[in-house]
Amino acid sequence: MNRVVITGCGVVSSIGIGMAEFTDGLRAGRSGVRPISLFDTSGFDYANGCEVTGFEPEQWIKQCDIAELGRAARFVVAAARMAMQEAGLRETTRPGLISIGSADGESFDLDALVGADVAGIDIDPVVAKRVSAARLSTAISDELELSTVEPMTLATACSAGNYAIGYALDAVRAGDVDYALCGGADAMCRKIFAGFYRLGTIAPDCCRPFDRDRKGILTGEGAGVLVLESLPSATARGARIYAEVLGYGANCDAFHPVAPDQAGVAQCLRLALDDARLRPDEVDMISAHGTGTESNDITEVAAIREVYGPAPPPTISVKSMLGHTMGAASALASIACAAAVRHGFIPPTINHANTDPRCPVDCVPNKSRPAALRVVQNNGLAFGGTNASVILGRFDG
């Protein structure tokens, strides 16, 4: 099988747009939290989130009609163009794959359509046309004029980004395609915010993974896209290589509609390690799903300690900075891992004051840490027990 490497990354996030800003934000421990402005939050006692600001779609979207793209599609099309530019790939007729994960597609637009229907207002046909989740992948092929690609949208909720990366990894290393654009995207919407609020899992101020005083998640948004390429292709082009994709694991334990299962998570971690042909002691950092809820944090840490023993490697959560970006979450975290490997640092878990004794891990509190990382594991967990974990390694030739 082909060795597979990451040659480009594109990011639209609340802490930075593009890899340079995103990497700087990770290193600085930047918070993306601000009051929600995208929809009416009257009636909620608190309404903070991690919105994307300063995003100008016309800077990146040249071929598609921006009005025909929903908010999430605009994010992911822009991120795909960034990734292709970083990789130095031009429009190509070689066989390729577009694999994008999402939890909610264009639910921001669906909110608007439902609101119009309830109010007795005629539905806007332009908005109705753009709600298909398939547009998250097909719009990339349209924008980049890629005529020999298979566009896929995967909907495995909050692990969808890692599922999309794993699907792409299999295709490239098997030689089915020469390259892949993969990742995830979601936009904030009232439906998701209200749903988590009713579950009692929205934090009033900020997200505190692994902290004794955690209050829950903050909803976020954005997109992350990676270019995966076979090593022979990348080296022949003289491409910059962020990291090598060593393996992944995916399972569905179906334990509970919303609660994670320790055994299912632990099995997923082992599947990824086995696929990468690695031992636990060879992993230098874990990027946890780390939502900042009691159920997730305690269960995930228990699963990590089951696999890694009582002294696991530093275990961080970028959701402390980005919020929970749903289908984009594990894609953005994988890109964060690639940046960490390439630039030699461990991103922090911010907003941390008192470690929960039931979460005994080194979460790298509040400040990033220099580190010569060789191997990192990134976890994505989702409702229904759909888990996916990706392992990246430093490329040394």
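Biologist: How many bridges join strand E5 to strand E7 (residues 179-186)?

Modeller: In this predicted model, E5 and E7 run parallel. The number of bridges joining E5 to E7 is six.

Biologist: Which residue in E6 stands opposite Ile98?

Modeller: Strand E6 (residues 149-154) pairs with E5 in the parallel sense, over six bridges. In E6, the residue opposite Ile98 is Pro151.

Biologist: How many residues apart are Asp109 and Arg130, and which parts of the chain does the pair link?

Modeller: Asp109 and Arg130 form a salt bridge, with their closest N and O atoms 2.8 Å apart. The pair links distant parts of the chain, namely helix H3 (residues 107-118), which holds Asp109, and the loop between helix H4 (125-129) and helix H5 (135-144), which holds Arg130; the separation is 21 residues.

Biologist: Are Asp109 and Arg130 buried or exposed?

Modeller: The criterion for the first of these terms is a relative accessible area under 20%. By that criterion, both Asp109 and Arg130 are buried.

Biologist: How many residues apart in sequence are the parts that Arg214 and Asp297 tie together?

Modeller: The side chains of Arg214 and Asp297 meet in a salt bridge with an N to O distance of 3.0 Å. Arg214 lies in the loop between helix H7 (190-198) and strand E8 (222-230), whereas Asp297 belongs to helix H10 (residues 294-308), so the parts tied together are separated in sequence by 83 residues.

Biologist: What is the relative accessible area of Arg374?

Modeller: Arg374 and Asp396 meet through their side chains in a salt bridge (3.1 Å, N to O). Arg374 lies in the loop between strand E13 (369-370) and strand E14 (375-380) and Asp396 in the segment after strand E15 (386-393), so the pair ties together parts 22 residues apart in sequence. Arg374 is partly exposed, its relative accessible area being 43%.

Biologist: Which residues do salt bridges that share partners join into one network?

Modeller: The count of salt bridges comes to 23 under a cut-off of 4 Å. Salt bridges that share partners form one network from Arg214, Glu294, Asp297, Asp356 and Arg358.

Note on methods. Residues numbered from 1 in each chain as written. Predicted model: local features only at pLDDT ≥ 70, side-chain atom pairs only at ≥ 80, totals over all residues. Heavy atoms only, no water. Helix = DSSP H or I, 4+ residues; strand = E, 2+ residues; numbered from the N terminus. Buried < 20%, exposed > 50% of the residue type's maximum accessible area, 1.4 Å probe, protein only. Pairing = 2+ DSSP bridges.
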